[in-house]
Amino acid sequence: MGALGRWLRSFGAFWWDFIVGDDWRVAVGVVAALAGTAGLAAARVPAWWFLPVTVLVLLGVSLRRAIRDAGT
Amino acid sequence: MRDVLLVLAVFLACAVEAVEALTIVLAIGVSRGWRSAVQGVTAGLLALAVIVAALGPALSFVPLGALRLVVGGLLLIFGLGWLRKAILRASGFKALHDEDAIYARELAAARTAGRARRAAVGDWYAFTLSFKGVLLEGLEVVFIVVTFGANQGSIPLAVLGAGIAVVVVTVAGIAVRGPLARVPENTLKFAVGVLLTSFGTFWGAEGAGAHWPGADAALLGVIAVIALTALLFVALLRRAHGRRIQESQSATEPMEVV
């Protein structure tokens, strides 16, 4: 791998870590939750509750995974 | 109300990051002299200002609905990261940020590093470390300033919140003449995590086409629900951590011989 390749790799790794952080599943969950909210809104169903509920579930699941990993 | 919360969120986030940057700059300044350290800080602040000046106006051209969806999503991912770390630290599953220990480590490294002159910079090591400290800690603040400011249509207000935090932390650092170890960093990070997650939820849902009952007033409800749930997680995890310590202690105790 050339110098440019190494630089691009470390540049990408920096931004990945900066935005996504320790748990990539949270990022995937957030995108899915936004899509779900948009789906409910498009179907003219009250959608405001969906995102906060999903966010709190995502936080709980991520914390559970973190403490499970801390114990292994 | 949203403006007050905007300034508060940016102020708290910037204060936390400024405390961390101050620790690095202080260690460099005390051990290697202030001239190159201040040059590094100035260059770092200039780089951050250029990023805000470039990104802020660019985001104002994006339609508000799309902006809220994208920015809401990014703030949610970012905020959940802050909140997750703060909850793990508050419950004992992650070590607390120790500014005194970081200061001592930086000081020891700075005292042993070599000295080289480049262009107008007398001490390249001091310059680059100060520059990187300010730039890397400041990038998170820039992200918050640009996203909050663009969504609210008031980047100057967000910059004001960040500017006040930098001044307050700098004055405190000069007064204390040491790292600001007494600043309750984890509590501040917890509050910032709650605010970022709440704003991200509010804007993200709006951007996805949802309508909040009570319009803007719903934001306060979102903040309350997320803060209370996060506190509940802290309480539950503290109990789990206590149980885990007890179990490990009883496993290492010698068995009683009858």
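Just after α2(A), A:Arg44 adopts a positive phi of about 60 degrees. This value, like those that follow, comes from a predicted model.

α2(A) has 19 residues. At 1.5 Å a residue, these should span 27 Å.

Burial along α2(A) was considered next. The buried residues are A:Val26, A:Ala27, A:Gly29, A:Val30, A:Ala33, A:Leu34, A:Thr37 and A:Leu40. Viewed down the helix axis, they fall within an arc of 160 degrees; they therefore line one face of α2(A). On the other side, A:Trp24, A:Arg25, A:Ala32, A:Ala35 and A:Ala42 are exposed. The cover over the buried residues comes from both chains. It includes α3 of chain A. It also includes α3 (64-90) and α7 (185-207) of chain B.

The contact between the two chains was then described. On chain A, 29 residues are in contact with 31 residues of chain B. Three helices of chain A, α1 (3-19), α2 (24-42) and α3 (50-70), each supply at least two residues to the side that touches chain B. The most comes from α3(A), with 12 residues.

In soluble globular proteins, nonpolar side chains tend to be buried together. Here the largest nonpolar core has 88 residues. Those with the most contacts inside this core are B:Ala9, B:Val10, B:Cys14 and B:Val145. Helix α1 (residues 2-32) of chain B gives the most to the core, with 18 residues. The contacts of B:Ala9 reach well along the sequence numbering: residues up to four places away set aside, B:Ala9 touches B:Ile144, B:Phe148, B:Val192, B:Leu195, B:Leu196 and B:Phe199.

B:Leu5 lies in helix α1 of chain B. B:Leu5 has 17 C-beta neighbours inside 10 Å and so counts as partly exposed; a buried residue would need 20 or more, an exposed one 12 or fewer. B:Leu5 and B:Leu236 are 231 residues apart in sequence. In space, their C-alpha atoms are 28 Å apart.

Technical notes
Residues are numbered from 1 along each chain as its sequence is written. Chains are lettered from A and ligands numbered from 1 in the order in which they are written. This is a predicted model: local features need pLDDT of at least 70, side-chain atom pairs count only at pLDDT 80 or more; totals for chains, interfaces and linings use all residues. A nonpolar core is a set of buried Ala, Val, Leu, Ile, Met, Phe, Trp, Tyr and Cys residues joined through C-beta atoms within 7 Å. Helices (H or I, at least four residues) and strands (E, at least two) are DSSP runs, numbered from the N terminus. Two residues are in contact if their C-beta atoms, placed from the backbone, lie within 7 Å. The expected span of a helix is 1.5 Å times one less than its number of residues. The arc is that of the directions from the helix axis to the C-beta atoms.
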